[in-house]
Amino acid sequence: MKFFMDSANIQEIQHGLELGLVDGVTTNPALLAREAGDWQEIASSICSMVQGPVSLEVMGSEAGEMVQEARELARLGSNIVVKIPMTMQGLKAVRILTDENIATNVTLVFSPLQALLAAKAGAGYVSPFVGRLDDLGQNGMDLASQIIDIYENYAIDTQIIVASVRHPGHVLESALMGADIVTVPYKGLNMLAEHPMTDLGIKSFLQAWQTREK
Ligand code: E4P
């Protein structure tokens with residue numbers, strides 16, 4: 001399973017890369033809005049730092065606007081994947097962009113049938129937002145599991161990015177069900193690495209070493 005970092009922060013991405021844990025990056029307008037400076041420069045820097053795909057989202061709502069924006073975003077780096085919201089206009093844009101060989105990630109996916117439509121339109125990636133479904137009292141990972149089943153049924157090669165990840169349980173379930181990718185915020189990566197028993201173990205071994213017979 002690939003790990004993408006859900007961040008537009010250069011330092012966070014750099015740290016994740018040093019750990020070998022960043023196979024790609026996803027951003028969204030809210031993440032980019034948190035960063036000071038010119039967003040295009042930030043996006044270009046991320047594209048040159050990361051070898052894998054970097055998702056950047058369009059802001060338009062009409063297919064024509066989205067296609068125009070996508071063409072401009074695609075110039076920021078050869079690894080750009082354009083995030084298109086899951087609407088009818090978005091699907092129309094995905095079809096056009098696919099024909100132009102511009103990679104797309106259909107975002108804000110909340111139902112398995114939306115994911116099927118996105119794949120039929122030619123999306124390279126789909127992003128089911130599992131945490132936001134959990135927020136509504138539903139089980140977001142059921143959505144991921146249904147998309148995996150549907151894609152397997154028809155040998156669809158659109159890759160599934162489990163998104164809106166809130167805790168290690170989402171990552172564990174994604175790995176167990178064979179999701180292609182999880183996109184995890186920086187804080188989430190730390191949560192995956194840490195365990196209190198690891199810390200206790202280190203402490204007790206150190207103590208034993210320091211109090212050894214000499
Ligand atoms: C994914 O591509 C999105 O950027 C992200 O996972 C959204 O997560 P949130 O629901 O925590 O905002």
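This note goes through the ligand site and the aromatic side chains of a predicted model.

1. The ligand sits in the largest pocket, and the residues around the ligand are Asp6, Thr26, Asn28, Lys83, Phe129, Arg132, Ala163, Ser164 and Arg166. By class, this shell divides into four charged, three polar and two nonpolar residues.

2. As for cover, the ligand taken alone exposes 340 Å², of which the protein buries 85%.

3. Turning to the aromatic side chains, the structure holds one aromatic pair. In general, such a pair of rings is described by two quantities, the distance of the centres and the angle of the planes.

4. A charge and a ring also come together in this model, where the charged end of Arg212 sits over the ring of Trp209, at 4.1 Å from the centre of that ring.

Conventions. Residues are numbered from 1 along each chain as its sequence is written. This is a predicted model: local features need pLDDT of at least 70, side-chain atom pairs count only at pLDDT 80 or more; totals for chains, interfaces and linings use all residues. Side-chain values use heavy atoms; hydrogens and water are left out. A residue is near a molecule or strand if one of its heavy atoms lies within 4 Å of it. Accessible areas come from the Shrake-Rupley method with a 1.4 Å probe; for residues, only the protein chains shown count as cover. On a 1 Å grid over the protein atoms alone, a cavity is a set of points where a 1.4 Å probe fits but cannot get out, and a pocket is an open set with protein on both sides within 12 Å along at least five of seven lines; lining residues have an atom within 4 Å of a point. A molecule sits in a cavity or pocket if more than half of its atoms lie within 2 Å of its grid points. Ala, Val, Leu, Ile, Met, Phe, Trp, Tyr, Cys and Pro count as nonpolar, Asp, Glu, Lys and Arg as charged, and the others, Gly among them, as polar. Rings of Phe, Tyr and Trp (its six-membered ring) pair if their centres lie within 6.5 Å; planes under 30 degrees apart count as stacked, over 60 as edge-to-face and the rest as tilted. A charge sits over a ring if NZ of Lys or CZ of Arg is within 6 Å of the ring centre and within 35 degrees of the ring normal.
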